[in-house]
Amino acid sequence: MAISMPKRKPRCGDGVRRVSILGATGSVGKNTVDLLRRNPERFAVEAVTAKDHAELLAEQAVALGARFAAVADPDAYPRLKEALAGHPISVGCGPEALVEAALYPADWVMAAIVGAAGLAPTLAAVRRGAIVALANKEVLVCAGEFVMREVKRCGATLLPVDSEHNAIWQCFDSSRIEAIDRIILTASGGPFRERSLDEMREATPAEAVAHPNWRMGAKISVDSATMMNKGLELIEAHHLFDLESDRIDIVVHPQSIVHGLVTYHDGSVLAQLGTPDMRTPIAYALGWPERLAAPTKSLDLAAIGRLSFEPPDERRFPALRIARSALEAGGGTPTVLNAANETAVYAFLDGRIGFLDIAEVVERTIAMVPAGDIQSLEDVHNFDKTAREIAIRLSGVRANARRAEAMGPR
Ligand code: NAD
Ligand code: MG
(Lines give C-alpha, C1' and ligand atoms only; values in the text may rest on other atoms or scores of the structure.)
(Ligands and ions follow the chains in the order given, each with its own letter.)
Protein backbone atom coordinates (compact mmCIF):
# COMPACT_ATOMS: atom_id res chain seq x y z
CA MET A 1 0.00 0.00 0.00
CA ALA A 2 1.44 3.39 -0.96
CA ILE A 3 1.44 6.06 1.68
CA SER A 4 2.34 9.70 1.57
CA MET A 5 4.38 9.68 4.73
CA PRO A 6 7.64 11.62 4.59
CA LYS A 7 10.58 9.40 3.80
CA ARG A 8 13.28 11.79 2.69
CA LYS A 9 15.35 14.22 4.72
CA PRO A 10 14.44 17.90 4.59
CA ARG A 11 16.73 20.24 2.71
CA CYS A 12 18.16 22.24 5.58
CA GLY A 13 21.52 23.00 3.94
CA ASP A 14 23.17 25.44 6.33
CA GLY A 15 21.01 24.20 9.18
CA VAL A 16 18.53 27.02 8.74
CA ARG A 17 15.13 26.02 7.40
CA ARG A 18 13.52 28.55 5.10
CA VAL A 19 9.78 28.74 5.68
CA SER A 20 6.67 30.47 4.35
CA ILE A 21 3.30 30.76 6.04
CA LEU A 22 0.09 30.83 4.00
CA GLY A 23 -2.61 32.16 6.33
CA ALA A 24 -0.17 33.68 8.85
CA THR A 25 -2.77 35.81 10.64
CA GLY A 26 -5.13 32.98 11.56
CA SER A 27 -5.14 30.72 14.58
CA VAL A 28 -2.73 28.13 13.12
CA GLY A 29 -0.70 30.88 11.44
CA LYS A 30 -0.23 32.82 14.70
CA ASN A 31 0.81 29.66 16.55
CA THR A 32 3.36 28.98 13.80
CA VAL A 33 4.69 32.54 14.05
CA ASP A 34 4.96 32.13 17.82
CA LEU A 35 7.19 29.05 17.40
CA LEU A 36 9.31 30.77 14.73
CA ARG A 37 9.87 33.79 16.95
CA ARG A 38 11.07 31.53 19.76
CA ASN A 39 13.62 29.89 17.44
CA PRO A 40 15.07 32.72 15.33
CA GLU A 41 18.41 30.93 14.81
CA ARG A 42 16.77 27.90 13.20
CA PHE A 43 14.44 29.51 10.68
CA ALA A 44 14.45 32.19 7.98
CA VAL A 45 11.12 33.43 6.65
CA GLU A 46 10.45 33.88 2.95
CA ALA A 47 6.76 34.81 2.58
CA VAL A 48 3.64 35.39 4.68
CA THR A 49 0.03 35.83 3.55
CA ALA A 50 -3.39 36.82 4.91
CA LYS A 51 -6.85 37.52 3.59
CA ASP A 52 -7.29 41.12 4.74
CA HIS A 53 -5.64 41.60 8.14
CA ALA A 54 -2.95 43.90 6.70
CA GLU A 55 -1.74 45.47 9.95
CA LEU A 56 -1.08 42.15 11.71
CA LEU A 57 0.49 40.69 8.57
CA ALA A 58 2.85 43.66 8.28
CA GLU A 59 3.81 43.34 11.93
CA GLN A 60 4.54 39.62 11.45
CA ALA A 61 6.51 40.23 8.25
CA VAL A 62 8.74 42.80 9.98
CA ALA A 63 9.22 40.72 13.14
CA LEU A 64 10.12 37.63 11.11
CA GLY A 65 12.27 39.44 8.53
CA ALA A 66 10.13 38.05 5.68
CA ARG A 67 10.96 38.88 2.07
CA PHE A 68 7.37 38.99 0.78
CA ALA A 69 3.92 39.69 2.23
CA ALA A 70 0.63 39.33 0.37
CA VAL A 71 -3.05 39.90 1.10
CA ALA A 72 -5.81 38.15 -0.85
CA ASP A 73 -8.21 41.08 -0.63
CA PRO A 74 -7.29 44.05 -2.89
CA ASP A 75 -9.03 46.45 -0.47
CA ALA A 76 -6.40 45.60 2.16
CA TYR A 77 -3.48 46.24 -0.19
CA PRO A 78 -3.06 50.03 0.42
CA ARG A 79 -2.93 49.38 4.18
CA LEU A 80 -0.30 46.66 3.72
CA LYS A 81 1.80 48.90 1.46
CA GLU A 82 1.61 51.76 3.90
CA ALA A 83 2.48 49.60 6.91
CA LEU A 84 5.52 48.15 5.13
CA ALA A 85 6.76 51.39 3.54
CA GLY A 86 10.48 51.75 4.17
CA HIS A 87 10.96 48.04 4.92
CA PRO A 88 12.82 45.78 2.50
CA ILE A 89 9.73 43.57 2.07
CA SER A 90 7.98 43.13 -1.28
CA VAL A 91 4.19 43.28 -1.19
CA GLY A 92 1.45 41.78 -3.33
CA CYS A 93 -2.31 41.30 -3.46
CA GLY A 94 -4.94 39.05 -4.99
CA PRO A 95 -5.05 35.31 -5.62
CA GLU A 96 -1.96 35.44 -7.89
CA ALA A 97 0.06 37.01 -5.08
CA LEU A 98 -0.83 34.08 -2.80
CA VAL A 99 0.54 31.72 -5.43
CA GLU A 100 3.61 33.96 -5.78
CA ALA A 101 4.15 33.66 -2.02
CA ALA A 102 3.98 29.85 -2.28
CA LEU A 103 6.58 29.98 -5.05
CA TYR A 104 9.17 31.79 -2.92
CA PRO A 105 11.98 29.26 -2.37
CA ALA A 106 11.03 28.11 1.14
CA ASP A 107 11.99 24.53 2.05
CA TRP A 108 8.91 24.29 4.26
CA VAL A 109 5.48 25.86 3.72
CA MET A 110 2.70 26.05 6.29
CA ALA A 111 -0.65 25.72 4.45
CA ALA A 112 -2.99 27.39 6.98
CA ILE A 113 -5.49 29.25 4.81
CA VAL A 114 -9.05 28.20 5.61
CA GLY A 115 -11.20 26.62 2.92
CA ALA A 116 -10.85 25.83 -0.77
CA ALA A 117 -9.28 29.30 -1.22
CA GLY A 118 -6.06 27.61 -0.06
CA LEU A 119 -6.01 25.08 -2.90
CA ALA A 120 -4.12 27.08 -5.56
CA PRO A 121 -1.27 28.31 -3.32
CA THR A 122 -0.93 24.93 -1.60
CA LEU A 123 -0.76 23.24 -4.98
CA ALA A 124 1.89 25.74 -6.10
CA ALA A 125 4.06 24.77 -3.12
CA VAL A 126 3.46 21.07 -3.81
CA ARG A 127 4.38 21.46 -7.47
CA ARG A 128 7.78 22.89 -6.69
CA GLY A 129 8.47 19.87 -4.46
CA ALA A 130 8.37 21.70 -1.11
CA ILE A 131 7.74 20.22 2.31
CA VAL A 132 4.13 21.26 2.92
CA ALA A 133 2.82 21.27 6.49
CA LEU A 134 -0.89 20.86 5.87
CA ALA A 135 -3.37 22.42 8.29
CA ASN A 136 -5.85 23.35 5.54
CA LYS A 137 -7.89 20.12 5.48
CA GLU A 138 -10.36 21.50 2.91
CA VAL A 139 -7.58 21.18 0.30
CA LEU A 140 -7.68 17.39 0.67
CA VAL A 141 -11.46 17.25 0.97
CA CYS A 142 -12.09 19.20 -2.22
CA ALA A 143 -9.25 17.77 -4.33
CA GLY A 144 -7.67 14.91 -2.39
CA GLU A 145 -6.90 12.46 -5.18
CA PHE A 146 -5.64 15.21 -7.45
CA VAL A 147 -3.42 16.77 -4.76
CA MET A 148 -1.98 13.41 -3.66
CA ARG A 149 -1.14 12.58 -7.29
CA GLU A 150 0.69 15.89 -7.59
CA VAL A 151 2.54 15.28 -4.31
CA LYS A 152 3.92 12.02 -5.72
CA ARG A 153 4.58 13.37 -9.21
CA CYS A 154 6.46 16.43 -7.95
CA GLY A 155 8.36 14.75 -5.10
CA ALA A 156 6.73 16.98 -2.49
CA THR A 157 6.29 15.95 1.15
CA LEU A 158 3.04 16.44 3.05
CA LEU A 159 3.25 16.72 6.83
CA PRO A 160 -0.11 16.48 8.63
CA VAL A 161 -0.70 19.37 11.06
CA ASP A 162 -4.32 18.69 12.02
CA SER A 163 -3.83 17.38 15.57
CA GLU A 164 -5.49 13.97 14.98
CA HIS A 165 -3.55 13.28 11.77
CA ASN A 166 -0.35 14.57 13.30
CA ALA A 167 -0.91 12.16 16.21
CA ILE A 168 -1.53 9.25 13.86
CA TRP A 169 1.55 10.16 11.82
CA GLN A 170 3.58 9.98 15.05
CA CYS A 171 2.22 6.45 15.78
CA PHE A 172 2.02 5.13 12.22
CA ASP A 173 4.87 2.77 11.34
CA SER A 174 4.99 3.39 7.59
CA SER A 175 7.64 0.66 7.18
CA ARG A 176 5.12 -1.92 8.53
CA ILE A 177 1.91 -0.85 6.88
CA GLU A 178 0.76 -4.49 6.55
CA ALA A 179 0.81 -4.71 10.37
CA ILE A 180 -1.68 -1.83 10.73
CA ASP A 181 -5.33 -2.73 11.19
CA ARG A 182 -7.05 0.67 11.49
CA ILE A 183 -6.69 4.22 12.71
CA ILE A 184 -8.88 6.11 15.16
CA LEU A 185 -9.54 9.86 15.12
CA THR A 186 -10.77 11.36 18.36
CA ALA A 187 -13.40 14.12 18.42
CA SER A 188 -14.12 16.45 21.33
CA GLY A 189 -17.83 16.43 20.44
CA GLY A 190 -17.78 20.24 20.30
CA PRO A 191 -19.81 22.70 22.36
CA PHE A 192 -23.14 20.93 21.65
CA ARG A 193 -22.10 17.40 22.57
CA GLU A 194 -24.83 17.14 25.18
CA ARG A 195 -27.49 19.27 23.52
CA SER A 196 -30.75 17.91 22.12
CA LEU A 197 -31.77 18.59 18.53
CA ASP A 198 -34.35 21.12 19.76
CA GLU A 199 -31.68 23.00 21.71
CA MET A 200 -29.31 22.95 18.72
CA ARG A 201 -32.04 24.34 16.46
CA GLU A 202 -31.85 27.61 18.43
CA ALA A 203 -28.03 27.71 18.70
CA THR A 204 -26.42 31.06 17.90
CA PRO A 205 -23.12 31.65 16.06
CA ALA A 206 -21.56 32.90 19.32
CA GLU A 207 -22.45 29.63 21.07
CA ALA A 208 -21.25 27.53 18.13
CA VAL A 209 -17.79 29.13 17.99
CA ALA A 210 -17.22 28.77 21.75
CA HIS A 211 -15.27 25.51 21.57
CA PRO A 212 -14.68 23.90 24.99
CA ASN A 213 -11.02 22.86 24.40
CA TRP A 214 -9.50 24.67 21.40
CA ARG A 215 -9.26 28.35 20.32
CA MET A 216 -9.65 28.23 16.54
CA GLY A 217 -10.93 30.23 13.57
CA ALA A 218 -14.71 30.68 13.19
CA LYS A 219 -15.20 28.24 10.31
CA ILE A 220 -13.49 25.24 11.91
CA SER A 221 -15.20 26.06 15.23
CA VAL A 222 -18.64 25.80 13.59
CA ASP A 223 -17.47 22.61 11.83
CA SER A 224 -16.56 21.21 15.26
CA ALA A 225 -20.01 22.09 16.58
CA THR A 226 -21.79 20.29 13.71
CA MET A 227 -19.09 17.56 13.78
CA MET A 228 -18.57 18.16 10.06
CA ASN A 229 -14.99 18.83 11.14
CA LYS A 230 -14.62 15.14 11.96
CA GLY A 231 -16.24 14.25 8.64
CA LEU A 232 -13.73 16.45 6.81
CA GLU A 233 -10.95 14.86 8.86
CA LEU A 234 -12.15 11.39 7.90
CA ILE A 235 -11.69 12.32 4.23
CA GLU A 236 -8.36 13.98 5.02
CA ALA A 237 -7.17 10.81 6.79
CA HIS A 238 -8.25 8.63 3.87
CA HIS A 239 -5.93 10.60 1.55
CA LEU A 240 -3.02 11.04 3.96
CA PHE A 241 -2.84 7.43 5.14
CA ASP A 242 -4.28 5.70 2.07
CA LEU A 243 -6.93 3.83 4.07
CA GLU A 244 -10.49 3.07 3.06
CA SER A 245 -13.36 4.53 5.06
CA ASP A 246 -14.08 1.24 6.89
CA ARG A 247 -10.58 1.31 8.43
CA ILE A 248 -10.99 4.79 9.91
CA ASP A 249 -12.92 4.99 13.17
CA ILE A 250 -14.13 8.03 15.08
CA VAL A 251 -14.55 8.13 18.83
CA VAL A 252 -15.77 11.04 20.93
CA HIS A 253 -13.30 11.98 23.66
CA PRO A 254 -14.43 15.20 25.38
CA GLN A 255 -11.13 15.97 27.14
CA SER A 256 -9.10 16.24 23.86
CA ILE A 257 -6.02 14.66 25.45
CA VAL A 258 -5.69 11.55 23.24
CA HIS A 259 -5.50 12.96 19.72
CA GLY A 260 -5.22 9.91 17.47
CA LEU A 261 -4.55 6.16 17.66
CA VAL A 262 -3.19 3.41 15.43
CA THR A 263 -4.37 -0.18 15.95
CA TYR A 264 -2.00 -2.98 14.92
CA HIS A 265 -2.99 -6.56 14.03
CA ASP A 266 -1.27 -7.89 17.17
CA GLY A 267 -3.75 -5.93 19.30
CA SER A 268 -1.35 -3.10 20.18
CA VAL A 269 -2.85 0.36 20.03
CA LEU A 270 -0.42 3.28 19.86
CA ALA A 271 -1.72 6.74 20.74
CA GLN A 272 -0.32 10.25 20.96
CA LEU A 273 -1.41 12.35 23.95
CA GLY A 274 -0.90 15.98 24.86
CA THR A 275 -2.62 19.06 26.23
CA PRO A 276 -4.87 20.58 23.55
CA ASP A 277 -2.47 23.16 22.11
CA MET A 278 -1.84 23.35 18.37
CA ARG A 279 1.77 24.35 19.01
CA THR A 280 2.56 20.66 19.67
CA PRO A 281 1.57 19.33 16.21
CA ILE A 282 2.90 22.49 14.53
CA ALA A 283 6.24 22.10 16.33
CA TYR A 284 6.42 18.45 15.29
CA ALA A 285 5.98 19.41 11.64
CA LEU A 286 8.21 22.50 11.89
CA GLY A 287 11.10 20.64 13.48
CA TRP A 288 10.67 17.32 11.62
CA PRO A 289 12.67 15.11 11.57
CA GLU A 290 14.00 16.70 14.78
CA ARG A 291 11.71 17.55 17.69
CA LEU A 292 11.36 21.23 18.44
CA ALA A 293 10.52 22.38 22.00
CA ALA A 294 7.04 23.89 22.31
CA PRO A 295 5.95 26.13 25.20
CA THR A 296 2.89 24.03 25.98
CA LYS A 297 1.55 23.13 29.41
CA SER A 298 2.87 19.72 30.40
CA LEU A 299 0.33 16.96 30.59
CA ASP A 300 -0.74 16.11 34.14
CA LEU A 301 -2.86 12.97 33.85
CA ALA A 302 -3.44 12.70 37.60
CA ALA A 303 -4.85 16.24 37.66
CA ILE A 304 -7.12 15.43 34.70
CA GLY A 305 -8.17 12.25 36.52
CA ARG A 306 -10.39 10.72 33.91
CA LEU A 307 -10.33 10.24 30.17
CA SER A 308 -13.67 9.22 28.68
CA PHE A 309 -14.73 7.89 25.29
CA GLU A 310 -18.12 7.40 23.64
CA PRO A 311 -19.43 6.61 20.15
CA PRO A 312 -20.51 9.57 18.01
CA ASP A 313 -24.27 10.17 17.77
CA GLU A 314 -25.02 10.41 14.05
CA ARG A 315 -28.68 11.16 14.69
CA ARG A 316 -27.90 14.47 16.38
CA PHE A 317 -24.78 15.05 14.25
CA PRO A 318 -25.74 13.89 10.73
CA ALA A 319 -22.72 15.69 9.19
CA LEU A 320 -20.54 12.70 10.08
CA ARG A 321 -22.75 10.27 8.17
CA ILE A 322 -23.03 12.69 5.23
CA ALA A 323 -19.23 13.06 5.01
CA ARG A 324 -18.65 9.32 5.25
CA SER A 325 -21.04 8.61 2.42
CA ALA A 326 -19.49 11.43 0.34
CA LEU A 327 -16.09 9.78 0.79
CA GLU A 328 -17.55 6.41 -0.22
CA ALA A 329 -19.30 7.94 -3.26
CA GLY A 330 -15.96 9.46 -4.36
CA GLY A 331 -15.52 11.45 -7.59
CA GLY A 332 -16.74 15.02 -7.23
CA THR A 333 -18.96 14.34 -4.20
CA PRO A 334 -16.40 15.32 -1.51
CA THR A 335 -15.73 18.54 -3.49
CA VAL A 336 -19.46 19.27 -3.42
CA LEU A 337 -19.63 18.43 0.30
CA ASN A 338 -16.82 20.88 1.04
CA ALA A 339 -18.17 23.74 -1.08
CA ALA A 340 -21.73 23.35 0.25
CA ASN A 341 -20.44 23.20 3.81
CA GLU A 342 -18.31 26.36 3.42
CA THR A 343 -21.32 28.18 1.97
CA ALA A 344 -23.72 26.99 4.68
CA VAL A 345 -21.29 27.71 7.54
CA TYR A 346 -20.83 31.33 6.45
CA ALA A 347 -24.62 31.69 5.96
CA PHE A 348 -25.02 30.49 9.56
CA LEU A 349 -22.25 32.80 10.85
CA ASP A 350 -24.01 35.71 9.09
CA GLY A 351 -27.22 34.83 10.93
CA ARG A 352 -29.10 33.89 7.76
CA ILE A 353 -29.72 30.18 8.41
CA GLY A 354 -30.09 28.11 11.56
CA PHE A 355 -27.52 25.73 13.00
CA LEU A 356 -29.35 22.56 11.93
CA ASP A 357 -29.80 23.99 8.43
CA ILE A 358 -26.06 23.59 7.80
CA ALA A 359 -26.10 19.79 7.45
CA GLU A 360 -29.42 19.93 5.64
CA VAL A 361 -28.10 22.37 3.02
CA VAL A 362 -25.03 20.17 2.54
CA GLU A 363 -27.02 16.96 2.13
CA ARG A 364 -29.53 18.52 -0.25
CA THR A 365 -26.77 20.12 -2.34
CA ILE A 366 -25.07 16.73 -2.72
CA ALA A 367 -28.38 15.23 -3.84
CA MET A 368 -28.82 17.99 -6.47
CA VAL A 369 -25.37 17.98 -8.09
CA PRO A 370 -24.99 15.19 -10.65
CA ALA A 371 -22.20 12.78 -9.65
CA GLY A 372 -19.09 12.56 -11.80
CA ASP A 373 -15.35 11.96 -11.78
CA ILE A 374 -12.55 14.38 -11.17
CA GLN A 375 -9.78 14.17 -13.77
CA SER A 376 -8.41 17.70 -13.62
CA LEU A 377 -8.27 20.85 -11.56
CA GLU A 378 -10.92 22.29 -13.85
CA ASP A 379 -13.28 19.49 -12.77
CA VAL A 380 -12.62 20.46 -9.13
CA HIS A 381 -13.46 24.09 -9.89
CA ASN A 382 -16.64 23.12 -11.78
CA PHE A 383 -17.99 20.91 -8.98
CA ASP A 384 -17.04 23.56 -6.42
CA LYS A 385 -18.78 26.36 -8.35
CA THR A 386 -21.97 24.39 -9.05
CA ALA A 387 -22.20 23.30 -5.42
CA ARG A 388 -21.75 26.86 -4.12
CA GLU A 389 -24.49 28.17 -6.44
CA ILE A 390 -26.94 25.49 -5.29
CA ALA A 391 -26.00 25.87 -1.61
CA ILE A 392 -26.47 29.66 -1.81
CA ARG A 393 -29.93 29.11 -3.29
CA LEU A 394 -30.88 26.53 -0.66
CA SER A 395 -29.55 28.77 2.12
CA GLY A 396 -31.72 31.59 0.73
CA VAL A 397 -34.78 29.33 0.86
CA ARG A 398 -34.02 28.41 4.48
CA ALA A 399 -33.39 32.07 5.37
CA ASN A 400 -36.79 33.08 3.93
CA ALA A 401 -38.50 30.22 5.77
CA ARG A 402 -36.89 31.36 9.03
CA ARG A 403 -37.99 34.93 8.51
CA ALA A 404 -41.55 33.72 7.87
CA GLU A 405 -41.46 31.50 10.99
CA ALA A 406 -40.14 34.42 13.09
CA MET A 407 -43.04 36.63 11.94
CA GLY A 408 -45.49 33.94 13.03
CA PRO A 409 -48.94 33.15 11.57
CA ARG A 410 -50.70 36.17 10.08
P1 NAD B 1 -8.48 31.21 10.74
O2 NAD B 1 -9.78 31.66 10.21
O3 NAD B 1 -8.10 31.58 12.12
O4 NAD B 1 -7.31 31.72 9.77
C5 NAD B 1 -7.36 31.54 8.40
C6 NAD B 1 -6.19 32.23 7.70
O7 NAD B 1 -6.42 32.17 6.29
C8 NAD B 1 -6.05 33.72 8.04
O9 NAD B 1 -4.71 34.10 7.92
C10 NAD B 1 -6.88 34.40 6.95
O11 NAD B 1 -6.47 35.73 6.72
C12 NAD B 1 -6.59 33.50 5.76
N13 NAD B 1 -7.70 33.46 4.82
C14 NAD B 1 -9.02 33.30 5.08
N15 NAD B 1 -9.75 33.32 3.96
C16 NAD B 1 -8.87 33.49 2.94
C17 NAD B 1 -9.01 33.63 1.54
N18 NAD B 1 -10.22 33.57 0.94
N19 NAD B 1 -7.91 33.79 0.79
C20 NAD B 1 -6.69 33.84 1.39
N21 NAD B 1 -6.48 33.75 2.71
C22 NAD B 1 -7.57 33.57 3.47
O23 NAD B 1 -8.43 29.63 10.54
P24 NAD B 1 -7.61 28.57 11.40
O25 NAD B 1 -8.41 28.16 12.56
O26 NAD B 1 -6.20 29.03 11.59
O27 NAD B 1 -7.64 27.33 10.39
C28 NAD B 1 -6.84 27.31 9.22
C29 NAD B 1 -6.93 25.93 8.59
O30 NAD B 1 -6.34 24.99 9.48
C31 NAD B 1 -8.37 25.45 8.38
O32 NAD B 1 -8.43 24.68 7.22
C33 NAD B 1 -8.65 24.58 9.59
O34 NAD B 1 -9.60 23.57 9.31
C35 NAD B 1 -7.27 23.98 9.84
N36 NAD B 1 -7.04 23.61 11.24
C37 NAD B 1 -7.09 24.55 12.21
C38 NAD B 1 -6.88 24.20 13.54
C39 NAD B 1 -6.90 25.23 14.65
O40 NAD B 1 -6.60 24.90 15.79
N41 NAD B 1 -7.25 26.47 14.38
C42 NAD B 1 -6.62 22.88 13.86
C43 NAD B 1 -6.57 21.93 12.86
C44 NAD B 1 -6.77 22.31 11.53
MG1 MG C 1 -8.43 18.28 14.04
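# Salt bridges, a magnesium site and a domain interface

Aspartate 249 has a relative accessibility of 26%, which lies between the 20% and 50% cut-offs, so it counts as partly exposed. Its salt-bridge partner, arginine 182, is also partly exposed, with a relative accessible area of 22%. Please keep in mind that this is a predicted model.

**The Asp249–Arg182 pair**
- The side chains of aspartate 249 and arginine 182 meet with N and O 2.9 Å apart.
- This pair links distant parts of the chain, with aspartate 249 in strand E9 (residues 248-252) and arginine 182 in strand E8 (residues 180-187), 67 residues apart.

**The magnesium site**
- Three protein residues donate to the magnesium ion (ligand 2): Asp162 through OD, and Glu164 and Glu233 through OE, at 2.1 to 2.2 Å.
- Their spacing in sequence reads D-x1-E-x68-E.
- Aspartate 162 sits in the loop between strand E7 (157-160) and helix H7 (163-171), while glutamate 233 belongs to helix H11 (residues 228-241), so this pair ties together parts that are 71 residues apart in sequence.
- Aspartate 162 and glutamate 233 are both buried.

- As background, side chains of opposite charge can pair when their charged atoms come close.
- Glutamate 164 forms a salt bridge with lysine 230, and their closest N and O atoms are 2.8 Å apart.
- That bridge joins helix H7, which holds glutamate 164, to helix H11, which holds lysine 230, across 66 residues.
- Both glutamate 164 and lysine 230 are buried.
- Glutamate 233 makes a salt bridge with lysine 137, at 2.9 Å from N to O, and both of these residues are buried.
- Over the whole structure, 28 salt bridges are found.
- The pair of glutamate 233 in helix H11 and lysine 137 in helix H6 is 96 residues apart.

**Where domain 1 meets domain 2**
- The protein is divided into domain 1 (17-161), domain 2 (172-276 + 298-304) and domain 3 (330-400).
- In the interface, 12 residues of domain 1 are in contact with 13 residues of domain 2.
- The two domains bury about 1000 Å² between them, with 69% of it on carbon and sulfur atoms.
- Lys137, Leu140 and Val141 supply 48% of the area that domain 1 buries against domain 2, more than any other three residues.
- The interface of domain 1 and domain 2 holds 2 salt bridges and 4 residue pairs in polar contact.
- On the domain 1 side, helix H6 (137-154) and E7 are the elements that give two or more residues.
- H6 provides the largest share of that side, 7 residues.

Terms used. Residues numbered from 1 in each chain as written. Chains lettered and ligands numbered in written order. Predicted model: local features only at pLDDT ≥ 70, side-chain atom pairs only at ≥ 80, totals over all residues. Heavy atoms only, no water. Donors = N, O, S within 2.8 Å, 3.2 Å for Na, K, Ca; no water. Helix = DSSP H or I, 4+ residues; strand = E, 2+ residues; numbered from the N terminus. Buried < 20%, exposed > 50% of the residue type's maximum accessible area, 1.4 Å probe, protein only. Domains from an automatic or database assignment. Contact = heavy atoms within 4.5 Å. Buried area = accessible area lost by both parts, 1.4 Å probe. Salt bridge = Lys/Arg side-chain N within 4 Å of Asp/Glu carboxyl O. Polar contact = N/O pair within 3.5 Å; in protein donor to acceptor, adjacent residues only side chain to side chain.
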